[in-house]
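Hi there,

Here is the structure I promised to pass on. Have a look at it first, and then read on for my notes.

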Protein chains: 2
Amino acid sequence: MKSRARKPGDGRRISGGNVTMADIGRLAGVSQVTVSRALSAPAKVSPETLERIRDAIRVTGFVPNAVAGALASNKSRLISALVPSVTNIVYASMLHAFSNIMLGHGYQLMLSETGFDPEREEAAISAHLSRRPDALLLTGIHHSAGARRMLLAAGIPVVEVWDITETPIDCCVGFSHGAAGVAAAEFAHAAGYRQAVTVTAGDERAIRRRNAFVERFRQLSGGDVMGVDFDSTATLGAGRQALVDLLDRGMPRGCLVFCSSDQFAQGVLVEARARGLSVPGDLAVIGFGDQEFAAHLDPALTSIRVDRDVLGRVAANALLARFERRADVEAVHDVGFEIIRRASA
Amino acid sequence: MKSRARKPGDGRRISGGNVTMADIGRLAGVSQVTVSRALSAPAKVSPETLERIRDAIRVTGFVPNAVAGALASNKSRLISALVPSVTNIVYASMLHAFSNIMLGHGYQLMLSETGFDPEREEAAISAHLSRRPDALLLTGIHHSAGARRMLLAAGIPVVEVWDITETPIDCCVGFSHGAAGVAAAEFAHAAGYRQAVTVTAGDERAIRRRNAFVERFRQLSGGDVMGVDFDSTATLGAGRQALVDLLDRGMPRGCLVFCSSDQFAQGVLVEARARGLSVPGDLAVIGFGDQEFAAHLDPALTSIRVDRDVLGRVAANALLARFERRADVEAVHDVGFEIIRRASA
DNA sequence: ATGAAAGCGCTAACAC
DNA sequence: GTGTTAGCGCTTTCAT
């Protein structure tokens with residue numbers, strides 16, 4: 001017997017993760033292939049053989065080696081998902097919906113966080129592609145040149161979520177951040193606000209919404225729109241601080257605060273209450289994300305809702321459609337958004 | 001040329017994910033092994049050879065096939081993480097800290113949600129083990145018999161988080177939920193509360209905290225403790241509803257509401273405000289998790305804080321120590337908890 | 001410093 | 001219905 005990794009005397013126990021299909025076959029008196037078939041196409045194996053194989057599997061606790069399977073079949077049944085952050089509920093809930101569907105179809109999830117950083121994203125893409133996932137979910141439509149090259153070369157389905165473009169790498173599911181900003185500006189103007197300020201996180205999509213908002217609001221109202229920009233992620237504390245800064249900088253009374261996230265908006269609300277400012281009298285607030293707490297704040301928060309559940313589900317279905325070569329799924333899917341008007345604006 | 005999966009004429013392009021080390025070797029005028037070495041131990045390859053190999057890699061966009069590598073080396077550099085839910089910030093932030101460290105050491109993450117369900121957990125464990133991860137992170141210390149059997153058989157490091165036990169599968173990092181419940185009861189009694197009610201999610205650990213709280217509070221105060229139990233996860237809306245129910249059932253004035261999560265606690269606070277009830281005068285509230293908003297609610301929420309960051313980091317280090325066969329990490333690590341007293345109780 | 005050979009545990013193709 | 005054979009693309013060992 002030729003040994004290699006195993007030293008002589010390193011007698012292997014037949015149990016759990018070390019058992020192979022060949023071992024099961026030996027125990028059941030069949031060849032290794034028959035074991036493989038018993039697992040992947042039981043109908044092709046006689047009932048008696050099947051039972052013996054199943055017994056052997058039960059006795060040994062055999063768990064098939066999907067790594068070997070993936071290498072042989074060139075299918076990993078692994079999906080890579082790259083999101084900016086799992087601690088942000090908007091991405092987490094999208095992932096939840098996405099992975100639930102993929103899991104139901106036998107796909108496992110490999111996950112990485114990219115922190116809104118294209119370089120980290122590129123590194124993650126490279127690492128993930130080496131694992132040969134069957135498909136990849138990416139957040140956003142802006143990726144480094146290297147990332148695009150790798151993705152194209154990999155030749156696997158890719159779905160970009162949370163944004164839309166006419167030129168996706170493969171397909172995309174999201175909504176127009178520009179349109180969301182414009183809609184918010186029009187909503188604000190229609191609601192009678194003639195002055196506005198912004199609070200924005202260090203996230204390219206948030207900035208795009210803000211820019212669209214500012215441009216449209218200026219068109220409609222003529223005035224200038226000042227803002228506070230963070231280069232980090234949105235937190236309640238930062239939102240409070242933003243209002244403090246804005247007030248210091250002479251934010252006009254009765255103006256509307258356009259926040260890139262409900263976290264910021266809640267912070268603004270909290271700080272306003274702490275200072276005895278009335279909302280929406282002294283200032284109005286509009287958030288983004290429509291998280292659960294938005295409806296329960298006092299005053300209830302006006303926010304832009306995006307259906308994360310639908311986003312995740314449509315993204316999953318787009319990939320599944322590609323696996324099955326179905327052409328019934330369009331390359332660009334706009335899930336839209338909705339301004340939920342409550343008391344704060 | 002023997003063809004198999006590929007039909008004749010299915011001429012393969014040399015690009016991206018299809019390139020092999022053998023292809024790179026051909027381009028660089030060396031054998032496949034040398035390419036392998038160039039990647040894993042560049043010091044063992046001459047500088048000139050190395051450069052030619054690197055050129056070839058750049059030109060082709062070669063990404064090594066980690067699936068083949070894992071099969072050959074019996075090391076996947078993949079870590080499985082099983083959490084109840086990614087949309088729950090307490091697990092998400094723990095995961096974030098955990099994966100950051102693992103990533104820094106070259107490990108990718110495979111993720112599944114188990115929804116507090118041992119059966120789903122067992123299915124996930126089986127699916128993950130087939131991928132041959134190098135280690136596994138599990139949430140909680142209660143697992144099905146089948147799960148334990150598989151885990152033991154797999155013979156890989158396993159870290160159980162969010163709870164502690166003297167008999168972990170391998171090692172555990174968490175805190176005592178019983179102790180947390182007892183501490184909350186003692187805190188409540190010391191703060192002068194003589195009546196209490198509970199609001200609890202359908203989560204075994206939350207129930208354990210509640211039971212410990214109730215038992216200790218009864219010891220101290222003698223009275224009965226009624227409660228509302230949900231069998232789902234905690235939401236703000238459910239917290240509001242819980243207070244409605246409790247009030248209907250004659251919840252005594254001036255009592256303390258022990259919530260299994262800050263979400264519930266926020267709901268109770270919101271409903272109390274909506275009804276014009278004063279906190280902590282008419283009712284006091286204590287949450288669990290000390291999420292960011294807790295400190296900013298009005299009144300600020302008293303809560304039990306667990307350092308999720310430390311939890312994730314210690315869990316990661318425990319696995320890394322096991323990989324390196326370091327014995328400097330104990331099998332049971334209690335990260336403790338802290339009651340953060342604010343205005344609500 | 002480099003290469004040849006063996007083999008990781010499976011799936012795919014083809015025979016019988 | 002079952003077996004045989006030939007890989008998948010790497011890492012490991014051993015030789016030079």
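Predicted model: local features only at pLDDT ≥ 70, side-chain atom pairs only at ≥ 80, totals over all residues.

Let me begin with symmetry. Chain B can be superposed on chain A with an RMSD of 0.1 Å, using a turn of 180° and a shift of 0.0 Å along the axis. The two copies are thus related as by a two-fold rotation axis. Where does chain B come nearest to that axis? Its nearest C-alpha belongs to Met110(B), 2.2 Å from the axis. Both copies use the same surface, since 98% of the contact residues of chain B recur in chain A.

The contact itself involves 48 residues of chain B and 47 residues of chain A. On the chain B side, the elements that each supply at least two residues are H4, helix H5 (89–104), strand E2 (108–113), helix H6 (118–130), helix H7 (145–154), helix H10 (236–248) and helix H11 (262–274). By class, that side of chain B has 22 nonpolar, 19 polar and 7 charged residues.

**A sheet that runs through both chains**

Strand E2 (residues 108–113) of chain A pairs with E2(B) in the antiparallel sense, over 3 bridges. Within this pairing, Leu109(A) has Leu111(B) as its bridge partner.

Those two strands belong to an open sheet of 12 strands with mixed pairing, in the order E11(A)-E5(A)-E4(A)-E3(A)-E1(A)-E2(A)-E2(B)-E1(B)-E3(B)-E4(B)-E5(B)-E11(B). Strand E11 (332–334) of chain A and strand E11 (332–334) of chain B stand at the edges with a single partner strand each, so one side of each is left without a neighbour in the sheet. From one strand to the next, the twist averages 20°. At the chain A end, strand E5 (residues 171–174) pairs with E11(A) in the parallel sense over 3 bridges, and the bridge partner of Cys172(A) there is Val332(A).

- Helix H12 (residues 308–323) of chain B lies across E1, E3, E4, strand E5 (171–174) and E11 of chain B, and it runs at about 165° to E5(B).

**A second sheet, in chain A**

Chain A also has an open sheet of 6 strands with mixed pairing, in the order E7-E6-E8-E9-E10-E12. Which strands form its edges? They are strand E7 (226–229) and strand E12 (338–340) of chain A, each of which pairs on one side only. The twist in this sheet averages 20° from one strand to the next. Strand E6 (residues 196–200) of chain A pairs with E7(A) in the parallel sense over 4 bridges, with Thr198(A) bridged to Gly227(A). Helix H11 (residues 262–274) of chain A packs on the sheet, where it touches E6, strand E8 (255–259), strand E9 (283–288) and strand E10 (302–305) of chain A, and its direction makes about 155° with that of E9(A).

**Around the DNA**

DNA strand D is surrounded by 27 residues, and the closest are Met21(B), Ser36(B), Ala68(B), Gly69(B) and Ala72(B). In both chain A and chain B, helix H2 (32–40) and helix H4 (66–73) give two or more residues to this surface. H4(B) gives the most, with 5 residues. The surface near DNA strand D divides into 12 nonpolar, 11 polar and 4 charged residues.

H2(A) also packs against helix H1 (residues 21–28) of chain A, at an angle of about 100° and with the axes 7 Å apart. The two helices are therefore roughly perpendicular to each other. In this contact, Met21(A), Ala22(A), Ile24(A) and Gly25(A) of H1(A) meet Gln32(A), Thr34(A), Val35(A) and Ser36(A) of H2(A). By class, these are 4 nonpolar and 4 polar residues, with no charged ones.

**Backbone details**

A few local points to check on your side:

- Val279(B) and Pro280(B) are joined by a cis peptide bond with omega about 5°, and Pro280(B) sits in the loop between H11 and strand E9 (283–288) of chain B.
- Asp298(B) and Pro299(B) are also joined by a cis peptide bond, with omega about 5°; Pro299(B) is in the loop between E9 and strand E10 (302–305) of chain B.
- Arg77(A) has a positive phi, near 55°, and is not a glycine; Arg77(A) lies in the loop between H4 and strand E1 (78–83) of chain A.

Best wishes

Definitions and conventions
Residues numbered from 1 in each chain as written. Chains lettered and ligands numbered in written order. Near = placed C-beta within 6 Å. Nonpolar A, V, L, I, M, F, W, Y, C, P; charged D, E, K, R; others polar. Contact = placed C-beta atoms within 7 Å. Pairing = 2+ DSSP bridges. Least-squares fit on C-alpha atoms with pLDDT ≥ 70 in both. Axes fitted to C-alpha atoms, helices over the stretch in contact; angles between N-to-C directions. Parallel < 35°, antiparallel > 145°, perpendicular 65-115°, else oblique.
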